[in-house]
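Welcome to this guided tour. Open your viewer, get ready to select residues, and follow along one stop at a time.

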Protein chains: 2
Amino acid sequence: MVYELWYWNGIPGRGEFVRLALEAGGIAYREPPRETEGALGQDLEADRDHPPFAPPYLKAGRMVIAQTANILLYLGEKHGLAPTTLTGRLWVNQLQLTIADWVTEVHDVHHPVDSSLYYEDQRPEAARRAAAFRTSRMPKFLGYFEKILQHGPSLAKGRWNYADLSLFHMIEGLRFAFPKRMASLEPDYPGVMRLHAKVEALPALKPYLASPRRLPFSDGIFRHYPELDAA
Amino acid sequence: MVYELWYWNGIPGRGEFVRLALEAGGIAYREPPRETEGALGQDLEADRDHPPFAPPYLKAGRMVIAQTANILLYLGEKHGLAPTTLTGRLWVNQLQLTIADWVTEVHDVHHPVDSSLYYEDQRPEAARRAAAFRTSRMPKFLGYFEKILQHGPSLAKGRWNYADLSLFHMIEGLRFAFPKRMASLEPDYPGVMRLHAKVEALPALKPYLASPRRLPFSDGIFRHYPELDAA
């Protein structure tokens, strides 16, 4: 069976957290929305028992699984991308959900009052939200993961897991969106930075990271507006 | 084993989604933060392998499980509060994660730019966010669940599941926070309202709903500011 990942074409977005797990796990998948224009819009209209609220979603045979953390929970158990104990699986899911909260906050920095409008329509509000995000939220999340990584090189026992991959991508995204702020923060979080470097060097992931399958950041969740960044 | 639920005392908050599952499932639990002042602050300082990023968290013997949807995933499997098939479990988790996103949006209506400040410090921004929430987000979420409930009286096959309980609580919270808007929207979502009534009448839940264990809404996630509500 070849999985199908369905996500908006053109941005890494939330789909990237799933893509990294599929790539690092050496799992075969296709992305129909990147093959056929308009495919996603049409597929979202399909009448099904278990409709997604929003992309990304994964088709696994007859199953349609949505919500990033839920897709990763499924892939993690099925393909050994997470610990096999109950405690370990719940722990990695917990971390992924914490990353999901962080992702939502990153998005809301540039869309603090209305996700259906443009950033340009909410610039003063975004400036306030960005200041709070840079000053209190970034250190809070980074500090949380740093504390965990004092216990070992990975977020959970064993080899890498999907939450490690997601934390790598968070750092990538934050560096893109807030380069000045990250430059000043990174020295304080050596464990997080070591994990980032470790994931970046995974043999199974390196070809993907250098390939055109990996989409560059642009106008997705992680966005770089110079006026929202500061050291 | 008696579970311990750890959450901020005084508000239903995210803890209520867990409480409803424990109560409806007839599962024994204690809430140390409601027994001893300052207990939660102290417990959060404890050095542990699997620290929570934030309450709620559940102590289950030696396990400490955080993130509302993760706690419910655990309780759901262990106590039959969710389907037993893989497809069914993932589906209910997916729905719970969608409700979690909705909860975050409800909170951000009154805290759109800085969660560490008071509502009074972000009133103009809150007014904009509230308008978008009432006009586009409430119908979008309600419509999503309504579509699912056209297939049956519960969000998944079988008797009630923990996502049913959570949707009940969402409706309770929205009625408290946005009474005018809910009064005008409710007739359009008969399936959701039938589910709400069904959960409210569950014999295992009725005593709890009438008890002082159930905390009233106040200054938590669901807040009623008349200026943020409109039909």
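Before the first stop, a definition: two strands count as paired if DSSP finds at least two bridges between them. Keep in mind too that this is a predicted model.

**Stop 1: the sheet of chain B**

Select the strands of chain B. Here 4 strands form an open sheet in the order 2-1-3-4, with mixed pairing. The edges of this sheet are strand 2 (29-30) and strand 4 (63-66) of chain B, each of which pairs on one side only.

Now highlight strand 1 (residues 3-6) and strand 3 (residues 57-60) of chain B. These two are antiparallel and are joined over 3 bridges. To see one facing pair, show B:Trp6, which stands opposite B:Tyr57 in strand 3 of chain B. Next to look at is helix 1 (residues 15-24) of chain B, which packs on the sheet and touches strand 1 and strand 2 of chain B. The direction of helix 1 of chain B makes about 155° with that of strand 1 of chain B.

Stay with B:Tyr57 and look towards strand 4 of chain B: which residue stands opposite B:Tyr57 there? The residue is B:Ala66. Strand 3 and strand 4 of chain B pair in the antiparallel sense over 4 bridges. Follow the chain from one to the other and you trace a hairpin with 2 residues between the strands. In that turn, click on B:Gly61, which has a positive phi of about 60°.

**Stop 2**

Move to chain A, where 4 strands form an open sheet in the order 2-1-3-4 with mixed pairing. Strand 2 (29-30) and strand 4 (63-66) of chain A are the edge strands. Select strand 1 (residues 3-6) and strand 2 of chain A: they run parallel and are joined by 2 bridges. Show A:Glu4 and you can find its bridge partner in strand 2 of chain A, A:Arg30.

Are the residues of strand 1 of chain A buried or exposed? A:Tyr3 and A:Leu5 point one way, A:Glu4 and A:Trp6 point the other way, and all are buried.

Turn the view to find helix 4 (residues 68-79) of chain A. This helix lies across strand 1, strand 3 (57-60) and strand 4 of chain A, and it runs at about 125° to strand 4 of chain A.

**Stop 3: A:Tyr29**

Select A:Tyr29, which lies in strand 2 of chain A. Its relative accessible area is 17%, and the cut-off for buried is under 20%, so A:Tyr29 is buried. Show its neighbours: leaving out residues up to four places away in sequence, A:Tyr29 touches A:Val2, A:Tyr3, A:Leu5, A:Arg19, A:Leu22, A:Glu23 and A:Arg213.

**Stop 4: A:Glu105**

Jump to helix 5 (residues 86-110) of chain A and pick A:Glu105. With 14% relative accessibility, A:Glu105 counts as buried. Leaving out residues up to four places away in sequence, A:Glu105 touches A:Arg129, A:Phe133, A:Arg137 and A:Phe141.

**Stop 5: helices 7 and 9 of chain A**

Select helix 9 (residues 190-200) of chain A. Its buried residues include A:Gly191, A:Met193 and A:Leu195. Among the elements covering the buried residues of helix 9 are helix 6 (123-149), helix 7 (162-177) and helix 8 (179-185) of chain A.

Helix 7 and helix 9 of chain A pack at an angle of about 105°, with their axes 9 Å apart. The two helices are therefore roughly perpendicular to each other. The residues in their contact divide into 8 nonpolar, 1 polar and 4 charged.

**Stop 6: both chains together**

Finally, show both chains. A rotation of 180° with 0.0 Å of shift along its axis superposes chain A on chain B, with an RMSD of 0.0 Å. That is the relation of a two-fold axis. In chain A, the C-alpha nearest the axis belongs to A:Pro112, 2.9 Å from it. As for the interface, 100% of the interface residues of chain A are also interface residues in chain B, so the copies meet through the same surface.

Notes. Residues are numbered from 1 along each chain as its sequence is written. Chains are lettered from A and ligands numbered from 1 in the order in which they are written. This is a predicted model: local features need pLDDT of at least 70, side-chain atom pairs count only at pLDDT 80 or more; totals for chains, interfaces and linings use all residues. Side-chain values use heavy atoms; hydrogens and water are left out. Contact means heavy atoms within 4.5 Å. Axes are lines fitted to C-alpha atoms, for helices over the stretch in contact, and angles run from 0 to 180 degrees between N-to-C directions. Copies are superposed by least squares on the C-alpha atoms of residues with pLDDT of at least 70 in both. Buried means under 20% relative accessible area, exposed over 50%, partly exposed in between (1.4 Å probe, protein chains only). Angles under 35 degrees count as roughly parallel, over 145 as roughly antiparallel, 65 to 115 as roughly perpendicular and the rest as oblique. Ala, Val, Leu, Ile, Met, Phe, Trp, Tyr, Cys and Pro count as nonpolar, Asp, Glu, Lys and Arg as charged, and the others, Gly among them, as polar.
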